[in-house]
Amino acid sequence: MQKCRLSLNLTPFSSAARKGQNFTVSYLVDSLGFTPKLAESISKKVSFNNKCNPDSVLNLLRTHGFTDSQISTIITDYPLLLTLDADKSLAPKLQALHSKVSSASELTETISKVPKILSKDRSLSVYYDFVKEVMEADKSSKLETLSPQRGKQENKIRNVLALRGIGVPQRLLFPLLISECPHICGKETFQESLKKVLEMGFDPTTPKFLEALRVVKGLNKEAMEEKVNVYKRLGFAVEDIWRFPQCIGVSEKNILNSVETFIGLGFSREDVAMMVKRLPPCIGYSVETVKKKIEFVVKEMGWPLKAVASYPQVLGYSMEKRMVPRCNVIKALIAKGLIKSELPPVSTVLVCTDQDFLKRYVRKHDDDDDDEELVAELMGIFAGETRT
């Protein structure tokens with residue numbers, strides 16, 4: 001294990017962001033019964049410092065007949081709903097939909113399936129009708145009853161129907177309706193791309209199928225072959241390349257720059273290949289981002305490069321919200337002699353959840369009355385309130 005060789009200055013970061021995230025986690029746990037792990041995950045997508053607005057949203061949903069279970073599903077899928085203006089934005093949409101449905105249960109069931117349609121304005125009614133129609137058809141297995149409506153959404157709905165026809169499930173299908181992704185628009189090019197992806201053997205029931213469709217539709221044949229050849233020159237097998245279709249979407253220049261950057265920082269080509277297989281998006285990270293995080297993890301904290309190669313997700317973490325506050329806690333424990341000669345594994349410091357990190361390095365001291373001040377100090381460091 002790597003010996004400690006740390007600078008004991010704590011790196012500052014925004015305490016306001018951490019406070020908002022902590023309040024959001026507590027609110028989701030107390031108001032919706034979410035587990036701390038789920039609440040923590042959601043708090044990275046939406047954050048608020050008081051309960052006024054989210055309370056108004058939850059109360060509005062309940063008055064329209066949504067059950068607690070449906071509300072939990074909605075907020076999990078679309079947490080930004082808690083930040084909408086309940087009276088001016090959300091209420092008019094729900095009232096408009098209520099006026100056209102046969103029952104309150106139809107409305108709540110449909111919205112629960114794809115809550116993000118509430119982010120739409122003019123197209124809300126069209127998308128709602130389509131979702132409801134698909135749900136009803138799936139219950140009776142009558143695919144032939146569905147046809148795209150006329151209007152701006154015609155291409156998108158027609159293509160979503162085509163995806164449904166080859167077995168793409170609702171959980172992957174409905175999000176496409178409210179997305180702005182160009183790969184589900186068009187007509188001839190969509191059909192050609194869809195055929196190509198099917199011929200490549202991707203499973204329509206998996207997210208990788210849609211990722212491959214996005215990549216194939218965005219590139220012509222020549223460009224695609226050039227990208228594949230770049231990876232082949234770097235030592236990737238063709239089957240490995242297409243296991244991670246998002247890598248094909250990265251420009252040749254960025255691919256080569258990323259590989260050159262990783263090797264220049266001391267990684268071997270085998271390390272790079274392993275990192276890309278474990279975390280495909282890392283091949284598209286900016287040179288500045290990679291260098292900054294490697295500088296922090298390896299040079300400032302003292303973890304070996306092999307630790308990053310084994311856990312490349314570290315390169316995708318926020319410096320401000322995750323890496324710096326956790327490492328500041330570790331620095332403080334080392335300064336106090338509470339962590340001895342060996343630096344803890346990167347997996348137990350950066351890769352674990354906030355809950356597990358606090359349990360392992362902060363709350364373990366809760367049982368000793370003499371350590372109350374220590375726990376408070378460490379929590380302050382973790383929250384960005386203590387800077388030295």
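Colleague: Hi! Which residues does leucine 163 touch, leaving out those up to four places away in sequence?

Modeller: Leucine 163 touches Val168, Leu173, Leu176, Ile184, Phe190, Leu194, Phe209, Leu210 and Leu213, where contact means heavy atoms within 4.5 Å. This is a predicted model, where local features need pLDDT of at least 70, side-chain atom pairs count only at pLDDT 80 or more, and totals for chains, interfaces and linings use all residues. Residues are numbered from 1 along each chain as its sequence is written, and side-chain values use heavy atoms, with hydrogens and water left out.

Colleague: Thanks! How many residues are in the largest nonpolar core?

Modeller: That core has 121 residues. Such a core is a set of buried (under 20% relative accessible area, 1.4 Å probe, protein chains only) Ala, Val, Leu, Ile, Met, Phe, Trp, Tyr and Cys residues joined through side-chain atoms within 4.5 Å. Ile75, Leu163, Trp303 and Leu350 have the most contacts inside it.

Colleague: And which helix gives the most to this core?

Modeller: Helix α18, residues 319-335, with nine residues. Helices here are DSSP runs (H or I, at least four residues), numbered from the N terminus.

Colleague: Back to Leu163: which residues do α8 and α10 bring together?

Modeller: Asn159, Ala162 and Leu163 in α8 meet Phe190, Gln191 and Leu194 in α10.

Colleague: New topic! Is cysteine 52 buried or exposed?

Modeller: Cysteine 52 is exposed (over 50% relative accessible area), at 56%. Cysteine 282, by contrast, is buried at 0%.

Notes: Helices (H or I, at least four residues) and strands (E, at least two) are DSSP runs, numbered from the N terminus.
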